[in-house]
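Try each one yourself before reading the solution.

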Amino acid sequence: LATGLGQVRERVAEALADDPRLAERGIAVTDVRVVAIKADAELERAMQTDTREQVQQEADRATFERRALAVERERAIAENELKNQIELARREEELVGQRGQNERKRATEQAAAEAIASEATAGQRRLAAETEADATRVLGAAAAEAETARYSAYREVETEVIVALAVQELAKNLPDIANLTITPDLITPILARFTGGGPSPAAADAA
């Protein structure tokens with residue numbers, strides 16, 4: 001029952017060929033065919049137990065392998081997702097770092113540009129101040145030279161002429177005068193100086 005019909009057929013054929021009773025009766029066995037071998041119910045159930053256990057073990061092993069394969073696939077998927085997350089985090093970190101570098105570079109360039117602009121503005125102001133100072137010095141020197149020249153010219157002019165010019169300059173800067181009264185005691189000394197002598201008789205009589 002365990003090894004199959006072939007071995008049973010060979011054993012039966014050998015036993016029949018060696019049986020002297022058949023030879024005495026002139027019977028020779030040329031072929032043996034075994035159609036089926038059946039066991040009783042209890043033996044059949046007993047023999048089927050090992051087979052059922054093997055089949056169950058195979059089924060359990062197949063189930064375990066499928067579960068193990070599923071777990072392995074899930075682990076591979078989880079590892080792949082973790083790798084993707086790590087790669088994504090690394091790229092985000094690189095992006096943040098690159099943005100920070102760009103911001104620092106932009107701020108540095110802006111600060112440098114502002115420093116250059118401030119320095120240029122300060123230079124322009126210094127240049128303007130120096131130019132204005134130079135111009136003021138030149139104008140002051142020219143004015144001083146003019147005043148010196150004018151005073152030098154005044155030294156060669158008579159006192160009466162200087163007084164007359166001073167009166168004329170004073171008259172230009174005075175406010176409008178509606179009435180002006182000149183007394184003889186004011187005009188007599190001036191006329192005397194222009195004429196080079198003392199007060200005239202008419203002036204003395206007027207005094």
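**Exercise 1.** Which residue forms a salt bridge with D134, and how far apart are the closest N and O atoms?

*Solution.* Keep in mind that this is a predicted model.
- Step 1: the partner is R137, and the closest N and O atoms are 1.8 Å apart.
- Step 2: check the spacing. D134 and R137 sit three residues apart in helix α3, so about one helical turn separates them.
- Step 3: look at the accessibility. D134 is partly exposed at 36%, while R137 is exposed, with a relative accessible area of 51%.

**Exercise 2.** Work out the setting of the salt bridge between E58 and R61.

*Solution.* 
- Step 1: the N to O distance for this pair is 2.0 Å.
- Step 2: both residues belong to helix α3, which covers residues 41–155, and because they are three residues apart, about one helical turn lies between them.
- Step 3: E58 is partly exposed at 46% relative accessibility, and R61 is partly exposed too, at 37%.

**Exercise 3.** Which residues make the nonpolar surface patch of about 180 Å²?

*Solution.* 
- Step 1: the patch is made by V12, L16 and V29.
- Step 2: L16 lies in helix α1, residues 5–17.
- Step 3: L16 has a relative accessible area of 32%, so it is partly exposed.

**Exercise 4.** How many helices and strands does the protein chain have, and what share of its residues is buried?

*Solution.* 
- Step 1: there are six helices and zero strands.
- Step 2: of the 207 residues, 3% count as buried.
- Step 3: the chain exposes about 18100 Å², and carbon and sulfur atoms supply 56% of that.
- Step 4: for contacts between residues at least 6 apart in sequence, 52% join residues at least 24 apart.
- Step 5: check the confidence. The mean pLDDT is 79, and 80% of the residues reach 70 or more. Over residues 199–207 the pLDDT is below 50, and this stretch has four contacts in the model beyond near neighbours in sequence.

Notes. Residues are numbered from 1 along each chain as its sequence is written. This is a predicted model: local features need pLDDT of at least 70, side-chain atom pairs count only at pLDDT 80 or more; totals for chains, interfaces and linings use all residues. Side-chain values use heavy atoms; hydrogens and water are left out. Helices (H or I, at least four residues) and strands (E, at least two) are DSSP runs, numbered from the N terminus. Buried means under 20% relative accessible area, exposed over 50%, partly exposed in between (1.4 Å probe, protein chains only). Contact means heavy atoms within 4.5 Å. Accessible areas come from the Shrake-Rupley method with a 1.4 Å probe; for residues, only the protein chains shown count as cover. Patches are made of residues with over 30% relative accessible area and no salt bridge: like charges are joined within 9 Å, nonpolar side chains (Val, Leu, Ile, Met, Phe, Trp, Tyr) within 5 Å. A salt bridge is a side-chain nitrogen of Lys or Arg within 4 Å of a carboxyl oxygen of Asp or Glu. pLDDT is the predictor's confidence in each residue, from 0 to 100.
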